[in-house]
Structure formats: structure tokens, C-alpha cells
Amino acid sequence: MASVQISEAEKVYIMHGVRDDLRVDGRGCEDYRHMEIETDVVSNTDGSAKVRMGHTDVLVGIKAELRRPRPNVPDEGYLEFFVDCSANATPEFEGRGGEELGVELSNTLYKVFNSHRSLDLRSLCVCPGEHCWVLYVDVLLLQCDGNLFDAMSIAIKAALFNTRIPKVRVLEDEEGGKEIELSDDPYDCLRLRVDNIPCIVTLCKVGHRHVVDATLQEKACSAASLLVAVTPRGAVTCVRKLGAGSLDPDSIFEMTETGKRVGKALHAPLMELLQKDESLGKKRQKVGFLA
Amino acid sequence: MPVDTKRVRGPEESQSPVLFLPPSTQSPAGRSGQGARGNADIRPVFTRCGLVSQAKGSSYLEAGNTKIICSVYGPREIERKDETDMKSGRLVCDFRLAPFSCRKRGAWIQGSEERDLSLALLESMQPGVCLHRYPRSQIEVNVMVLENDGSILAHAVTCASMALADAGIEMYDLVLGCSLRQDGDACLVDPDVLEEKGSWQSGYEENQGRVTLALLPNLGQVSGLQADGEMREDALPAAVRTCIDGCHKMYPVVQQAILRAVKKKAPPPEK
Amino acid sequence: LSTNVTCFVRTAEPLEYHRSFLKENCRPDGRELGEFRPTTLNIGSINTAEGSALVKIGNTTVICGIKAELALPSSDAPDKGYIVPNVDLPPLCSSRFRPGPPGEQAQTASQFIADVIDSSNIIKKEDLCIEKSKLCWVLYCDIMCLDYDGNLLDACIITLLAALKNAQLPKVTINKETDLAEVELQHKRHLQIRCHPVASSFAVFDDTVIIVDPTAEEESLCRALLTAVTDEDDQLCALHKPGGISLSAEKLQDCISRAVTRNREISKLIDKVIQSTEMSK
């Protein structure tokens, strides 16, 4: 993953700051950086969102396609994740490096989001055993400045909120043959319930404390971080230790506690923002990529 | 799909006979079939060091029907020289599932699940190895699952740390793994493959999840943690504690096996 | 001191070191020229496979797992099933193998095993057909080396044969009404093994000295390698001699005779292990 080299003196400075709950950019340990969220940014997807967090920039597009359900779960649709680590984001992504990270990130996203309880996968089923909607979630990393996971999860949640899947009906003719009919009205579409979709909070252990939304400099001071995916109700859907270091059990408990607290607090303003954005409808000012 | 010209190929498509079973007969889960294993019990573990003659160190571990073999090569000269930090050594982990190890046949080409497991294994092992003692060199850990009957990542961690010890690689501590399956209020330690999956219906029930933890037992540090599913707030810390206990239960067995291997390599002087 | 010197000679002049032993009609590991390493067999230990076997020849350890799947027969052989053997030499088994796609040696071994299966008719492919042009079995015979110390091919053939003898397939019928396959796990039957091929490998040193069952070190030093596969009727099924120096017809005849006795020994071993495995159930 993207990283920076910093000197020992800088490390000490950052660690002392974190100890006193004052970070280099003036934040407290549990504060996020300024965040910009925009939905419906790519017109030829079924749902999209762009999130900017500090200098980290992530674009998510969702496309829905009709496919055959998986044989072991015939009455559910499913999600597929693909993370593209653009070489523009950081030179490290050139060649194989980006590819490996992409697989790693998409595997983790799959674990976080593809739970029955976070998204109603049954609503994606059109005809059990034969047709279901598959949501292809494409994540494009435009710029990396730390905390990729949190930015990606927020962008995915926003894009899922924005997703509109055309309504289809299954017609049966006399001979028992089935046909799929697409609704004529383009505004007649299926929306996803995103109430229970988790957000990822990555906590970086710096010294004896941990920080939320670490920058690359802060990450360079830390040996281990903990990824916690939290639903709005406070249930944990995924935990993963990242990095080369180890953690003692007590700090794991503290970090998951903080993760839950921060994650819960993140959901309400996010949903409010998304709803407000949508209520503006056509009047919404498009910012796009020039922001 | 790229065509694999380096292997003997079969038909384009084939399906496991399991898919053609009537749904009612498909694997009822439950710990009762296993006999008298309590929810907090780990399966009996059989383990040996030094079975692969060609490797610097190796180990074999059997827990219930789960069978894992691991070999360690190195330290040898680093292969990819573009790494910026040459002051410390590099640990390379390769996690493979044999094609016949699961109920459904796996492919020879490493899939995303195996890559994910390789990474998880690496992150769990790294904190235990004194990599600063091996500058400019790499240590390779190859894990092969011969039969998957659940908790493979946890047992692979234990198996890998035994192989590293057998290879004489300097370590801060052993690394032990343990996993559990949270199924409602029940908490099944060291689940087998049926318990791991549960019925797919149970995905809709409360408090479902899987946790795998790696522990450095003497330092009391957790070197790897993976949890997925959807667990209640209080269930996760409890699960972490249970896994730590589970790791400690493995410790004497692992110590015995290493001791045995050391005695075999360097027999104590006869009095 | 003397062990140090031997060690040095072994590393610096490996060929001379081996020759000094061969002159005395023995080998560095204490074997005679025509002696195989102790061979042990374990059958049916992998429960996830339809059939499995693990064989050890000295240090060399090879495991074979057989998975059966259902497929559509190919159009040019509608009454035949498939047997798909593959040999893998993972980096686990020796430092000489790297991760990634199979190397030359693994490819050659896979092809050799496939040829032996075809030429010896271990299993008639017609036996694997369930319904002509509709459904047949595919037997994936995945062979994996866990410890590489020479003589891979012998080990592969033994483990393949033992795993095939161990394999049991469930009964499958096609439901006439729904036209779908129905699998009955309660009714399982063994495969019909029509031929029992066993391989014996030889290494040639200095034009004339022939040793059996070479170790990895001997394989790398010898001037030619030869593998002969014979069946229980003393017929030659396959002969594999990848390059190296030429060999007189007489010497070749000696090798084949040795292979014939080896076949008897291994057949006995397989039968004994299968019997004791069944007894313990």
C-alpha cells in the first residue's frame, strides 16, 4: 500500500502529538478529515459516488446485470467487487503492485459487504434459480493519502444509495416458458435499502494510542492497525488486523470500542447528507472532478 | 479464460456430484455427530516436525480431519531486489489448498481465496519472526492444506510457526492460531467445515460470525485477527478471549513436538 | 575429522564421491546397486477425495487425491469418460521448484502419467460413461509431491494405482422424467481396475553401472535416466528415457527384468495395505 518515508525526528513529533490528542493537522485522535461526497457522478452506471477525504480520492461505480444465481443460494443476488489501483494514484501501483493490492482490497470489501444482513440480497432475486441481479461494484482509486478502506466504504455506501435498478417482471406464457419484461417507465425502479450497510473504520495504533483516519505520515509511525466494519446499529461485520506488528488484547478491545463509537457516529450524518443531496434533485449543483 | 497448456486438461466444464443430491440430504450441521466434543473444546491435535527431508524446517499438523503440511526454506538471497528496505529480511508466505482438499475440487491456479489466506498468514507470522536478524535475505514459508475440515487458517499459523522453529529461524515467540464460529449464543471453538458454513439460512439470524486469531503466547500479543459475519457488540471481545484460551490449549502439544524434533536432531549426551 | 573430509569431498567432488562407493558395489546411503529404498503406502486418508493414497519411497513422498465430477462426454467419444492426471511439484517439496505454473519436469511427469493411463488401460474409459452422449464421470487424479528426493515417476504411478483402487463412486442415474442426474451417496462402488502397472526407474553411471531408484542427488549426477513400466502379466506398458547416453539392449533387458520383480513387490504391498485398511474399518 502507498507509504512515505519519514525521519525518526518526525516520527517522535507525530507520536508525541498523538499522545496529547493533537495531531499534526490539528485534529483530535477520533476526528476524520474534511470529507466531500458526491453521488451520481458517472452517468452510464446504475449508481455512482465519489468521495474525497483529505487528498484520498475514490470513485465508485455500480452496474447491475441479470445473471444466474449461485447454485448454493438460488434465491439471492450477489455483489462482485473490483478495485482498480490506478497508477495515477501513486507510482507504487504500476504493474503487479497495483494488481496485488487490488485483489487484497476487493477480497476485504467482499467480506465486509456481502453479508445477508447488511444488504437484502433476496430483493435482488428476480426468479429463483434462474435470474438474479448481480451488482458489479467497481472501485477506482484516484489518489491515495491514507485511509483507503474508510473512504472506499463510504463511497460504496453512497453509490449503493444512489443505485437504481430497472424493475423487471417475469412473464409466463402458456407453454411454461418464461420471459423477462422490462418496465416501460424509466422512473419505475428498484432502490436498495442501505440502512444497515456497514462503514469501515480503520484505527491506526500510534504509540500507546490509536487514531482514526490516519494520514500516510501517521501510518508510517504505526506497526499495526485494526480495520473494523460497523453497521449503524453497532454490530461488527468484519475485523482485520493489518500491518506487520502485533497488538495486545486490551488495545484490541479499546480499538474495537472506539471503532464502534466512531462508526455509529459516522452513519447518521452520512445518511442525512445523502438524503438531502437527493431531495435537491435536478437543482443539485454538480461539482464533478474539478473540485 | 486463458487456456492452461502446461497441464493435462479435462472437459471444459464439469460439476461436482454433490450438486445433484436431493436438497434434504445435504449435510445437516451439528456438533452431536462428532461425539462428545464440547463447544469450547479443540479437536485432538497430532503434530510432528521435520518430515520434509529437503526443507530447512517442516511440520505436519492434523486436527480432526484437517491436515496441513508446511515447509520452510531459507534464509536465502532476496529475489525481488526492488524492495526499499534492505535492513531487515523478508518473509514470504505461500498458502495452497490441494485440489482434492475440499468437498468441491479446486483449481491448480492459485485463486483469490488462497491469495487472501497467504496474506493473512503473512500478517500473522511476521510479528513473531526476528526479521532484523536476516538482512538482505528472504525466508519462505510454504503451506499446503491436504484436507480441509475447517479452521485451516488458524492451524496453518500454528503449523508454520512450528516449521520456522524447526528450521532454526530466530523468533520472538511461537505463533499459535485458533478460530471459532459464533452461531447465535453458541460459540464453537475450532469448528469443522460443516460448523464453519452452517446452513446458509443462518446468515439471516442474529449474531453469526467467524473469528480467527493468532497469538504470541509468551508475550501475550495478538499478531493476527480476522473476523467476519455480523456479531453483537459484546460477542466480539468474548470471542477474542475464547480464542486466546484456545491458543493456550494448543501450546503444550506444540512444545512437545518441537522438543521431540530438537532431541532427535541433537540427542542429549548419554550419562 | 573424517566426517568433515567426507562432507567436503561430497560437496566439492560429488561425482568422485559417488564413484568411490559404486566401485565397491554400494551407494552412499548404504544400499546395494539394485536395491530400492523402503517403500511405504497409506491409503484412503483424505476424506474429501473419492480416493487417495500417499506413498513414500525413502524420503520421496507423493500424495494422490482423486476427485470425481460429472460432465458431458466429448462429441468424438460419446461413450467414454475422462481421466485427467496432473502432477504438481510445489515449492514446498524442494527448493529447486518455484511457485507459479508447472515447470518442465512437472509437465513431463503429467504427460508420462497420462500416457501410461492411456496405453495400459488401467481403467476403461467406457466404464466411466453413465449415459451415452449425456453424462459421464471425470476422474481428476491430482498428484502432488510433498518431499522431492528423486524417483518421482515410480512414486507417482504407485500412488495413482493405489488411489484408483481406493476410489469409490456414488451411483448416478438419469431421471427419465426430469432428464436430470440423480446421485445416491449410499450406493458406492469401486472402479474396475483392468491393469496394474508399476514403474521402476534406473540411473546410469559411467556408461555401464546401473542403479535402481536414484535419489535426487544421484539423478543430478548420472548420465542417463530410464523408467520402465510393466504390468502384472510382465508386459511392458511404457518406457521413458529422456536423453542421456545410449544403453545396450542387454542392459535394457536387465532393467526390464528388474522392473518385473518390482511389480510383484509393489502389487503385494498395495494388496496388503488395502486389506489392513479394510480390516481397521
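Start by selecting β14(A) together with strand β9 (residues 221–231) of chain B: the two run antiparallel and are joined by four bridges. Strands here are DSSP E runs of at least two residues, helices are H or I runs of at least four, and both are numbered from the N terminus. Strands count as paired if DSSP finds at least two bridges between them.

Before moving on, some housekeeping. Residues are numbered from 1 along each chain as its sequence is written, with chains lettered from A and ligands numbered from 1 in the order in which they are written. You're looking at a predicted model, where local features need pLDDT of at least 70 and side-chain atom pairs count only at pLDDT 80 or more, while totals for chains, interfaces and linings use all residues.

Now widen the selection to the open sheet of eight strands, in the order β12(A)-β11(A)-β13(A)-β14(A)-β9(B)-β8(B)-β6(B)-β7(B), with antiparallel pairing. At the edges, pairing on one side only, are β12 (209–212) of chain A and β7 (186–189) of chain B. On average, neighbouring strands are turned by 20 degrees against each other, direction ignored.

Zoom in on chain A's part: β11 (residues 199–206) and β13 (residues 225–230) pair in the antiparallel sense over six bridges. Click A:T202 and you'll find its bridge partner, A:L227, in β13(A). Helix α3 (residues 148–162) of chain A packs on the sheet, touching β11 and β13 of chain A, and its direction makes about 170 degrees with that of β11(A). Axes are lines fitted to C-alpha atoms, for helices over the stretch in contact, and angles run from 0 to 180 degrees between N-to-C directions.

**Chain A against chain B**

Which residues make up this contact? Chain A puts in 29 residues and chain B 30 residues, a contact being two C-beta atoms, placed from the backbone, within 7 Å. On the chain A side, α2, β14 (236–242) and α5 (249–279) each give two or more residues. The largest share, seven residues, comes from β14(A).

**Chain B against chain C**

Of the two pairs of chains that touch, B and C have the most contacts. Select 35 residues from chain B and 46 residues from chain C to see this one. On chain B, β3 (66–77), β4 (90–97) and β5 (137–147) each supply at least two residues, and β5(B) gives the most, with five residues. Chains A and C do not touch; their nearest C-alpha atoms are 15 Å apart.

With chain B on its own, look for four helices and nine strands. Of its 271 residues, 51% count as buried; that takes 20 or more other C-beta atoms within 10 Å of a residue's own, against 12 or fewer for exposed and anything in between for partly exposed, all placed from the backbone.

**A helix pair in chain C**

Next, show α4 (residues 152–166) and α6 (residues 249–280) of chain C, which pack at an angle of about 40 degrees with axes 11 Å apart. In α4(C), display C:I158, C:L161, C:A162 and C:K165; they meet C:I266, C:I270 and C:I274 in α6(C).

**Last stop**

Finish at A:D120, in the loop between α2 (96–113) and β5 (125–127) of chain A. Buried or partly exposed? A:D120 is partly exposed, because 16 other C-beta atoms lie within 10 Å.
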